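Work through the exercises below with the structure in view. Try each task before reading its solution.

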Amino acid sequence: RHVTALLRAVREPGQQIADVFGDVAAAMTHVLACIAERHNWALLLVAAIVCVMCWAGALLVFNRIETAPSKYRHAWMFLAGLAGGGGAWATHFIGMLAYDPGFPVVYNIPETALSAALAIVGCWSAFELFAMKRKLEANILSSVALSLSIAGLHFLGMSAMQGAIIQLSSLPAVLLSLVTVGGLTFSATAV
């Protein structure tokens with residue numbers, strides 16, 4: 001349904017585009033209502049604190065690279081990726097634990113571990129790319145790497161949830177989330 005609406009919007013501008021954005025707005029309203037009504041706010045606060053602390057640590061480690069001997073450069077990059085990617089994953093997983101669907105939920109351990117590995121490798125790659133000498137290309141490539149790793153950890157982590165649950169994704173909402181994360185990461189690297 002969403003794919004058809006998106007294709008019509010490309011062919012028939014105007015009202016069709018409004019329909020797609022209306023679908024996205026409805027999906028986002030549903031997500032925000034779910035956060036407000038179905039999540040433990042104390043755990044969400046913990047997730048936010050973990051996010052800020054881990055990314056502050058990742059950026060402090062990344063800044064250390066400039067003064068570190070060149071033979072340790074990649075080790076510092078990996079440590080920055082571990083802090084940033086591990087922090088992003090931990091933030092997401094704590095947020096998932098804060099969710100109460102009203103029935104028991106378990107997590108597929110291999111998929112959960114893979115989502116953590118994807119976040120760490122993606123953040124490590126983003127830091128390596130950001131450290132390139134060509135500024136604009138480095139910003140774009142690192143933003144793409146970081147955006148894809150965050151989106152990947154999210155969707156892989158969500159697929160690791162098992163229980164009496166049906167997971168549905170709206171294509172326009174997914175595309176909007178990718179564009180939003182991409183824009184945020186690019187603006188962060190451009191500073």
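**Exercise 1: A pair within one helix**

Trp89 and Phe93 sit four residues apart in helix 4, so about one helical turn separates them. The model is a predicted one.

Task: Classify the ring pair of Trp89 and Phe93, and state how accessible each residue is.

Solution: 
1. The ring centres of Trp89 and Phe93 are 5.2 Å apart, with 10° between the planes.
2. Planes under 30 degrees apart count as stacked, so this pair is stacked.
3. Trp89 has 21% relative accessibility and is therefore partly exposed.
4. Phe93 has a relative accessible area of 18%, so Phe93 is buried.

**Exercise 2: Two helices crossing**

Task: How do helix 4 and helix 5 cross?

Solution: 
1. The axes of helix 4 (residues 73-98) and helix 5 (residues 109-130) come within 7 Å and cross at roughly 135°.
2. This angle makes helix 4 oblique to helix 5.
3. The crossing is right-handed.
4. Contact residues include Trp89 and Phe93 of helix 4 and Phe127 of helix 5.
5. By class, the contact has 12 nonpolar, seven polar and two charged residues.

Definitions and conventions:
Residues are numbered from 1 along each chain as its sequence is written. This is a predicted model: local features need pLDDT of at least 70, side-chain atom pairs count only at pLDDT 80 or more; totals for chains, interfaces and linings use all residues. Side-chain values use heavy atoms; hydrogens and water are left out. Axes are lines fitted to C-alpha atoms, for helices over the stretch in contact, and angles run from 0 to 180 degrees between N-to-C directions. Angles under 35 degrees count as roughly parallel, over 145 as roughly antiparallel, 65 to 115 as roughly perpendicular and the rest as oblique. A crossing is left-handed if the near helix is turned anticlockwise from the far one by less than a right angle, and right-handed if clockwise. Contact means heavy atoms within 4.5 Å. Ala, Val, Leu, Ile, Met, Phe, Trp, Tyr, Cys and Pro count as nonpolar, Asp, Glu, Lys and Arg as charged, and the others, Gly among them, as polar. Rings of Phe, Tyr and Trp (its six-membered ring) pair if their centres lie within 6.5 Å; planes under 30 degrees apart count as stacked, over 60 as edge-to-face and the rest as tilted. Buried means under 20% relative accessible area, exposed over 50%, partly exposed in between (1.4 Å probe, protein chains only).
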